[in-house]
Amino acid sequence: MLETLPQVPEDSILGLAAACRADPNPNKVDLTLGVYMNEEGVCPVFDAVRLAQRALVDEEKTKVYMPPAGDPVFNQGMQRLVLGEDSAALADGRVSSIQTPGGCGALRIGAEIINAAAPGARVWVSDPTWPVHIPLLGSVGLKFETYRYYEPVSHGVNFDAMVDDLKRAGRGDVVLLHGCCHNPCGADLTLEQWGTIADMAAQQGFLPFVDIAYQGLGDGLEEDAAGLRLLVQRLPEVIIAASCSKNMGLYRERTGATIFASANPASALALRSQAQVAARRIYSMPPAHGALLAARVLADDELNANWQDELQAMCRRINGLRTSLVSKLEQFTDRDFSFIEREKGMFSFLGLSPEQALALREEHSVYMLDSSRINVAGVNGANIEYLAAAVGAVLSSH
Ligand SMILES: Cc1ncc(COP(=O)(O)O)c(C=O)c1O
């Protein structure tokens, strides 16, 4: 029976990263994967996470299953982190959450809940969006519509087009929004634009589903969540998929949460119970380690301050790299790359053709996606000049 299944191609991003690892060129530059890398090209363990881990290893008494909704301290900490300490929705008790295996698990549980409430509902996704959104939500049975978002000529959000498209989203529809640091384009909505989306959701009745996987890596923890907090403040129902992969460096520990802001405390509890049943169908109980680390970091004042300092330093470094990259590219090309500085988070489309991205790979060992999406955090003091020179060479020869 099983021999009828053909081999499927490797995930294209993981395939590019593997090709880069195998490339013997000592000057190679890896800008493929969406993981934070420091000046040494290493994806580091946060100091606060390391300290929490030491304490956890010493104190842990059991490996018995986690509760079905995960660790309560983690859930509380995540709700406050994402919605804000002074959230009225939290004070009103109309919020619940479930610990999930990463942001992907959070998206999947959110999709299960949507599909339980409205089987086969339409989910509006931005053009472009993170490609994994489609299998994660589509495999549950949800359908897709696309709204225009990124405008390659201006390298920014075409908000008028987005609004025009979303005029067709109504009651029973879901609109998937990137909370901050849009993946893949780095172009985010302004707070005023989030306000317009909130007004549209209130009038038209669609449900916002916010994916926030990069809180703290754009402008800061509070600033990056401001848009989704505005939705929660103004609307009766919002679903949020949050991840600790990037902002706590817990990638492999699979740590995330689906957060439900709903009309009243009873429906918040009902949604959590539904989410537990959905999780039971898929993986039963969430993994413990990452969430127990995150819970400690979020709940302990000293660890929390330590974590926030390190996260702020990462955020400053990314924004500094954006500025340096613009000025280096100006030295080697006559194109305007100033848009890189206006974007947020780890990603940017350089605006190169797939042929130019291929030439960068084959002729210079500079690895980026065919769409010319780069991970800005993959740039560092040692490779920035080589990278800019390679882009300059390819732009003048291809
Ligand atoms: C837009 C977006 N959403 C969600 C995720 C989920 O990440 P994870 O499942 O690793 O927490 C990612 C990871 O790259 C992402 O880029």
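The model is predicted, so local features need pLDDT of at least 70 and side-chain atom pairs count only at pLDDT 80 or more, while totals for chains, interfaces and linings use all residues. Residues are numbered from 1 along each chain as its sequence is written, and side-chain values use heavy atoms, with hydrogens and water left out.

Q: How many residues surround the ligand?
A: Let's start with the shell, where a residue counts as near if one of its heavy atoms lies within 4 Å of the molecule. The closest residues are Gly103, Asp211, Ser243, Ser245 and Arg254. By class, the shell has 5 nonpolar, 5 polar and 3 charged residues, with Asp, Glu, Lys and Arg counted as charged, Ala, Val, Leu, Ile, Met, Phe, Trp, Tyr, Cys and Pro as nonpolar, and the others, Gly among them, as polar. The number of residues around the ligand is 13.

Q: Which helix gives the most to the shell around the ligand?
A: Helices here are DSSP runs (H or I, at least four residues), numbered from the N terminus, and strands are runs of E with at least two. The helix in question spans residues 102–117 and gives 4 residues. Its name is α5.

Q: How far is the side chain of Asp211 from a nitrogen atom of the ligand?
A: A polar contact is a pair of N or O atoms within 3.5 Å; within protein, one must be able to donate a hydrogen and the other to accept it, and residues adjacent in sequence count only if both atoms are side-chain atoms. For Asn183, a side-chain N or O atom is 2.7 Å from an oxygen atom of the ligand. For Asp211, the distance from a side-chain N or O atom to a ligand nitrogen is 2.6 Å.

Q: Is His178 buried or exposed?
A: Strand β7 (residues 174–178) holds His178, whose side chain reaches the backbone nitrogen of Asn183 at 3.4 Å. Buried means under 20% relative accessible area, exposed over 50%, and partly exposed in between (1.4 Å probe, protein chains only). With a relative accessible area of 10%, His178 is buried.
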